[in-house]
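Dear colleague,

Please find below the structure that I am handing over to you. My notes on it follow.

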Amino acid sequence: MKFLLLIAVLLTAPAAQAVQPDEILQDPALETRARAISKELRCLVCQNQSIDDSDATLARDLRIVVRERLTAGDTDSEAVAFIVERYGDFVLLRPPFKASTLVLWIGPALILVAGIIGVFVWHRRRRGAVAAPVAPLTADEQARIDALLSGNPER
Amino acid sequence: MRPMTAIPIALFAVIAAVFGVYLWQVGPGGKDISQLPSAMIDKPAPQFDLPAIAGSPDGPDTLRTPGLKTADLKGRVSLVNVWASWCPPCRIEHPILMTLAKEGVTIYGINYKDRPEDARRFLRDLGNPFTRIGVDQKGRAAIDWGVYGYPETFVVDASGRIRYRHVGPINPGQVDSIIRPLLKQAAGAKTASGKDGGK
């Protein structure tokens with residue numbers, strides 16, 4: 001029972017966030033959009049956290065910039081574009097799908113397919129070799145085998 | 001050699017070659033792979049107008065260095081160095097900036113989130129290589145430049161375009177292998193009007 005209670009508490013605990021009270025916008029709709037955008041932007045200091053999660057001062061500055069852009073009337077994609085213009089595609093946690101990232105996106109799938117085909121082809125070849133018919137034994141060879149198997153060494 | 005044996009070996013050789021070239025580029029005085037490529041390369045420097053560092057009321061270390069704005073970047077090749085007195089790598093890099101300034105390189109500074117008295121003391125103690133310094137109290141100008149690590153140094157050509165961004169302190173090896181060649185290259189570049197860049 002205590003265990004279940006612990007699990008329940010852990011699962012419903014609010015996620016840790018780095019957003020400070022003084023950053024939160026008055027307009028809840030704008031604030032929700034800002035949080036959603038922040039979760040998609042990489043903190044370049046830590047590089048593996050979003051700016052929503054990171055405590056770095058640069059992350060805080062970028063969170064504030066995003067909120068300023070939204071308050072100024074930018075759409076979500078305009079606000080994101082503002083940041084990408086200055087920091088490049090790497091600031092997006094999800095790499096954009098364009099010509100230069102095509103290899104990144106479909107590379108793994110291609111290699112997997114190539115690997116599966118490779119295994120299939122190899123297996124087919126191997127089975128072919130094993131299933132090749134063996135020439136039947138001549139009478140002489142049969143006699144030698146019988147002799148060996150019955151324990152009499154020949155000559 | 002049967003194709004089934006040759007193909008994995010060839011694949012390995014290709015991947016090893018790619019990694020080998022990459023490793024060879026990264027070495028002392030070579031590329032720093034933790035540096036992100038700047039999104040602003042070959043774009044005009046952002047619009048900004050930053051005031052000078054506030055002078056001290058008493059006078060002895062009042063800086064006479066003027067502030068920095070976008071228009072100041074036109075007309076000559078320059079280095080723009082983003083620094084702060086609280087940033088230890090900036091301190092370590094500073095003598096290199098002094099050396100470059102003595103050789104005649106134009107160096108502008110952006111003082112990031114610093115207190116004026118600390119900035120003045122830093123320059124008084126370590127020397128002032130900057131012909132202009134803009135104070136970026138909130139860090140907003142730095143964001144417009146795409147700055148994420150301190151110090152950062154930008155090579156800006158005579159038409160005010162960003163040619164290169166160096167993240168972290170410039171170490172002595174990189175002055176000769178990266179900075180000087182880039183300054184030469186930027187000096188040789190044509191401005192937008194087709195005339196030779198200023199020397």
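**The interface and chain B**

Chain A and chain B bury about 1400 Å² between them, with 56% of it from carbon and sulfur atoms (buried area being the accessible area, 1.4 Å probe, that two parts lose on being put together, summed over both). On the chain A side, A:Asp61, A:Arg86 and A:Tyr87 lose the most area to chain B, together 39% of what that side buries.

This is a predicted model, in which local features need pLDDT of at least 70 and side-chain atom pairs count only at pLDDT 80 or more, while totals for chains, interfaces and linings use all residues. Residues are numbered from 1 along each chain as its sequence is written, chains are lettered from A in the order in which they are written, and side-chain values use heavy atoms, without hydrogens and water.

In contact (heavy atoms within 4.5 Å) are 18 residues of chain A and 16 residues of chain B. The rule finds 3 salt bridges across this interface, a salt bridge being a side-chain nitrogen of Lys or Arg within 4 Å of a carboxyl oxygen of Asp or Glu. B:Asp144 and A:Arg86 form a salt bridge through their side chains, at 2.8 Å from N to O. The elements of chain A that give two or more residues to the side touching chain B are α3 (57–71), α4 (76–87) and α5 (102–130) (helices are DSSP runs of H or I, at least four residues, numbered from the N terminus). Of these, α3(A) gives the most, with 6 residues.

With kind regards
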